Amino acid sequence: MPETSKQRRPTIRDVAREAGVSRGTVSRVLNGGHMVSSEALAAVTAAIERTGFSANQHARSLATGRANSIAFLLTESQDLLFDDPNFSALLRGCAAALSKLNIPLVLMFASSAEERRQTIEFISGGHVDGVLLVSSHAGDPVLPQLLKAQIPVVASGRPLGFERKIGYVGADDYEGARQMTQHLLDGGRRRIATITGPLDTSGGVDRLAGYKEALGDAVDPALIVSGDYTRQSGEKRMLQLLEVAPDLDAVFVASDLMAVGALTVLRQAGRDVPADVAVAGFDDAPLANSVDPLLTTVHQPLDRIGAEMVRLLVEVIDGNEPLAVTVPTHLVIRQST
């Protein structure tokens with residue numbers, strides 16, 4: 001380590017001298033590595049490690065006009081971050097991708113009018129460069145307000161009504177649901193019910209559409225009930241289905257958490273799973289592999305979805321047009337079907 005670093009905090013000048021490059025090259029590396037050769041990038045990275053240099057975030061923000069941080073905005077109750085494993089998995093994926101870019105993540109919530117007000121005020125104040133929007137519902141005022149403030153946004157899932165205005169990344173909900181329903185049909189099931197997700201979200205809409213596509217003319221509206229992705233709604237809607245259709249022999253549930261609730265009700269009603277009723281979920285959350293019987297489900301790669309959201313948002317922040325990415329799903333067949 002150079003002698004100067006023992007007496008004072010290392011500067012860009014020290015890094016440049018150690019790497020044998022200009023201060024401008026070091027600055028470009030610190031601000032994303034654009035227009036820097038691979039050799040210079042390697043030299044500067046090594047020099048930063050040797051000198052112990054740490055960029056002054058405030059000074060960098062003043063120089064670039066950026067906050068150098070990104071918000072993970074969940075438009076749901078804070079409790080769901082811990083109750084629903086999907087949200088925590090998506091948060092981990094986004095945080096890991098941002099960490100590789102040395103960009104801090106700011107966790108925010110906007111489930112109430114006051115939270116929405118505070119969130120919009122904070123974000124519009126320039127404290128973050130963009131927003132990773134999670135669990136947006138049709139009619140939610142947050143997204144229009146972010147767009148009005150000209151904040152770069154990328155959503156998790158198709159943002160209903162805003163598909164042509166912002167970028168988004170989502171699992172192939174439609175095809176995953178269609179394949180799962182077809183799997184139940186191929187297993188000889190004929191009275192197949194479904195507990196949908198919220199129908200003001202793309203996941204709720206598209207998974208229901210995939211279910212209907214597989215059944216075709218056999219769709220029975222009495223076998224379709226809507227939940228809200230919570231375990232409690234899975235229990236409530238399963239009870240409702242047993243009342244209106246006691247002869248059902250399968251149920252496709254639009255989330256694993258709701259499917260666990262459905263399993264509880266079926267067990268209490270004396271229905272054997274899968275002998276009497278097959279149960280299939282969606283998500284492939286860790287709990288799907290810990291319930292009895294093990295839950296057949298649709299796997300959606302949330303880590304990859306989070307990484308793709310970060311990639312697209314950084315591109316939008318850099319001035320590129322927003323893109324949409326649909327990530328494939330696949331069936332995970334276990335004991336419940």
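Predicted model: local features only at pLDDT ≥ 70, side-chain atom pairs only at ≥ 80, totals over all residues.

Biologist: Which residues touch the most other members in the largest nonpolar core?

Modeller: Ile195, Met238, Val251 and Val279 do, in a core of 43 residues. Two or more residues come from each of helix 9 (173-186), strand 6 (192-196), helix 10 (202-215), helix 11 (231-244), strand 8 (250-253), helix 12 (256-268) and strand 9 (278-280).

Biologist: And which helix gives the most to this core?

Modeller: Helix 12, with eight residues. There is also a second, separate core of 27 residues, and Phe72, Leu90, Ile305 and Val325 are among its members.

Biologist: Which domains does the lining of the second largest pocket draw on?

Modeller: Domain 2 (70-171 + 302-327) and domain 3 (173-299) each supply at least three residues. By element, at least two lining residues come from each of helix 6 (85-100), strand 4 (153-156), strand 5 (167-171), helix 10 and helix 13 (302-317).

Biologist: How do the lining residues of the second largest pocket divide by class?

Modeller: There are 13 nonpolar, 12 polar and seven charged residues in that lining.

Biologist: How many cavities of 30 Å³ or more does the structure hold?

Modeller: One. The space in the largest cavity comes to about 40 Å³. Ser136, His137, Ala138, Gly139, Asp140, Leu143, Pro159, Leu160 and Phe162 line the largest cavity, which by class makes five nonpolar, three polar and one charged.

Biologist: Switching topic to Val26. Which helix does Val26 lie in?

Modeller: Helix 2, residues 23-30.

Biologist: Is Val26 buried or exposed?

Modeller: Val26 counts as buried, because its relative accessibility is 0% and the cut-off for buried is under 20%.

Biologist: What is Val26 in contact with, leaving aside neighbours within four places in sequence?

Modeller: Val26 is in contact with Ile12, Val15, Ala16, Val21 and Val44.

Biologist: And what separates the C-alpha atoms of Val26 and Ile48?

Modeller: 9.3 Å, with the two residues 22 apart along the chain.

Methods. Residues numbered from 1 in each chain as written. Heavy atoms only, no water. Core = buried A, V, L, I, M, F, W, Y, C linked by side-chain atoms within 4.5 Å. Buried < 20%, exposed > 50% of the residue type's maximum accessible area, 1.4 Å probe, protein only. Helix = DSSP H or I, 4+ residues; strand = E, 2+ residues; numbered from the N terminus. Nonpolar A, V, L, I, M, F, W, Y, C, P; charged D, E, K, R; others polar. Domains from an automatic or database assignment. 1 Å grid on protein atoms, 1.4 Å probe; cavity = no way out; pocket = protein on both sides within 12 Å on 5 of 7 lines; lining within 4 Å. Points joined across faces, edges and corners; volume = space filled by probe spheres on them. Contact = heavy atoms within 4.5 Å.
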